[in-house]
Amino acid sequence: MPPGRPIDARMALVQLYWAAVRAVAPGAALADALERISKEIGQRRVWIIAIGKAANPMAIAAVDFLARNRLELAGGLIVAPRVLPTPHACLEFVAGDHPLPGPRSFLAADAVAKVARRVKPDDEVWVLLSGGASSLMAAPDGTMKPEEMMQLFEVLLGSGLDIATMNLIRKRFTRWSAGRLSAALSAARTRNFIVSDVIGDDLAAIGSGPCTPDPSTAADIHALLISNKLWDRIPVAARHHIAAVEHDPSRETPKPGDRIFQNVERKIIASNRVALEAAAARARELGYEPQILSTTLAGEAASVGKRLASTLISYCGSGPSPLTNRPVQSCLLWGGETTVTMGSATGAGGRCQELALAAARELALAKSVRGSTLLACGTDGRDGPTDAAGAIVDRETWGAIEKAGRTPDADLAAHDSHPALDAAGALLRTDLTATNVMDIVIGICSPPVTSTWPPRTPSGSLARLSGSFRKIIE
């Protein structure tokens, strides 16, 4: 698309989404990082442990790098949401469960143990970490039964806590979290390459920090659970374990300064900020005036959706540019990760879809300003336990849901955003993108209805548009 050429708002947003995802393609990011350290590797045998939603493309990039540099791949493991053909005969490929751990996660944790036992002191281990790792290789650390650990994860996922806080709690009870993988690999040199999926890029929170010290204490976790009214909801075994560690600090998780981290290096290779900057660059090419307003988006999804829609409306209601005498084509970008507190609700959806549905209501009420369109999507291509990455909404979406026979107010209250947005043709289905740097929200001011810009893309075309632009990263 030639720079500056106006296109339909929905098509523009799909392009911006894929520009963001392409920029954090984990394979390319890892390849760049490995090239920068190629002279440091020497002739050590290299093991690969790739865990998370981006595990497969990261493993492929690592295997390609080793082959180009004639370095030996000793073996390793890929743990991802689904099994794909392995990029090397020495790499075992297993699937874990996500977003809740299950039997496959337990088997994945056992597979990690088998690899760790084979690593020798003079070897080098590349731990390729991305979002989803906390669940994909989750297994009890011996303090709880598997069903109790699964109950803990479920309580936390519905609690409304952000991902960093959830990981702070659950890594206390899982086998490879909170630096425990480094403990198993301490004799070897470990390089931890990370795709960040948490606000602030906190290394201890990403994937529950398998190679990172845990600065928190059992007393901190106890206080956190009490303050969030979760203490009485978690399994009894978990409460007993926290109390036992408070009484005996020698049972604490590995802390900063522990010798097990002497041979560990950590590097973030992709983040939400990188994705937003790429989307902003593409927006500029399309003739928009982009502004990245935040990379720390957090809070209840519905409240955030209302606030972001109001912000977008205020920008779209601004006057014409003094240079062109045309309305300013603003593009506002936010990144982060909101939450949904389910309570007793059983609706289907995800945080991006709930944010989008709340935004749709706000946009529908703004009848006196130029049209505005908003995308809210997970960069991993899967928003909650649904088949959608998120949704694209505008002032017509709310009414379209009503015309389809649903009551969008009730859907929003019941956290049932998926069927509501599906009824309006507003869902964006992309399939898994093999990366994960949290969520992005993009709002653009569409042109006036009297302009000569192309007509609005029908909502049913979203899948087709997404499929076309997805080829960018394949």
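Ala, Val, Leu, Ile, Met, Phe, Trp, Tyr, Cys and Pro are counted here as nonpolar, Asp, Glu, Lys and Arg as charged, and the others, Gly among them, as polar. The structure is a predicted model, in which local features need pLDDT of at least 70, side-chain atom pairs count only at pLDDT 80 or more, and totals for chains, interfaces and linings use all residues. Residues are numbered from 1 along each chain as its sequence is written, and side-chain values use heavy atoms, with hydrogens and water left out.

The chain contains 17 helices and 12 strands; helices (H or I, at least four residues) and strands (E, at least two) are DSSP runs, numbered from the N terminus. Of its 474 residues, 57% count as buried, where buried means under 20% relative accessible area, exposed over 50%, and partly exposed in between (1.4 Å probe, protein chains only). The accessible surface of the chain is about 18800 Å², and 52% of this belongs to carbon and sulfur atoms; such areas come from the Shrake-Rupley method with a 1.4 Å probe, and for residues only the protein chains shown count as cover. Contact is defined as heavy atoms within 4.5 Å. Among contacts between residues at least 6 apart in sequence, 80% join residues at least 24 apart.

Two strands are taken to pair if DSSP finds at least two bridges between them. Strand S4 (residues 124-129) runs parallel to strand S1 (residues 46-51), to which 6 bridges join it. A further 6 bridges join S4 to strand S5 (residues 189-195), again in the parallel sense. Val-127 of S4 is the bridge partner of Ile-49, and its partner in S5 is Asn-192. In a regular strand the side chains alternate between the two faces of the sheet. Both faces of S4 are covered, with Glu-124, Trp-126 and Leu-128 buried on one side and Val-125, Val-127 and Leu-129 buried on the other.

An open sheet of 6 strands has the order S7-S8-S12-S9-S10-S11, with mixed pairing. Strand S7 (289-297) and strand S11 (427-428) stand at the edges with a single partner strand each, so one side of each is left without a neighbour in the sheet. S7 pairs with strand S8 (residues 330-336) in the parallel sense over 6 bridges, and Ile-292 stands opposite Leu-333 in S8.

A search of the whole structure gave 2 cavities of 30 Å³ or more. On a 1 Å grid over the protein atoms alone, a cavity is a set of points where a 1.4 Å probe fits but cannot get out, and lining residues have an atom within 4 Å of a point. Grid points are joined across faces, edges and corners, and a volume is the space filled by probe spheres set on the points. The largest cavity has a volume of about 50 Å³. Helix H13 (351-365) and strand S12 (439-445) are the elements that give two or more residues to its lining, which has 5 nonpolar, 2 polar and 3 charged residues. The second largest cavity, of about 40 Å³, is lined by 4 nonpolar, 5 polar and no charged residues; Trp-176 and Met-137 are among them.

Helix H13 also holds Glu-354, which counts as buried because its relative accessibility is 3%. Beyond its neighbours within four places in sequence, Glu-354 is in contact with Ala-301, Ala-302, Val-340, Leu-412, His-415 and Ser-417.

How values were computed
1 Å grid on protein atoms, 1.4 Å probe; cavity = no way out; pocket = protein on both sides within 12 Å on 5 of 7 lines; lining within 4 Å.
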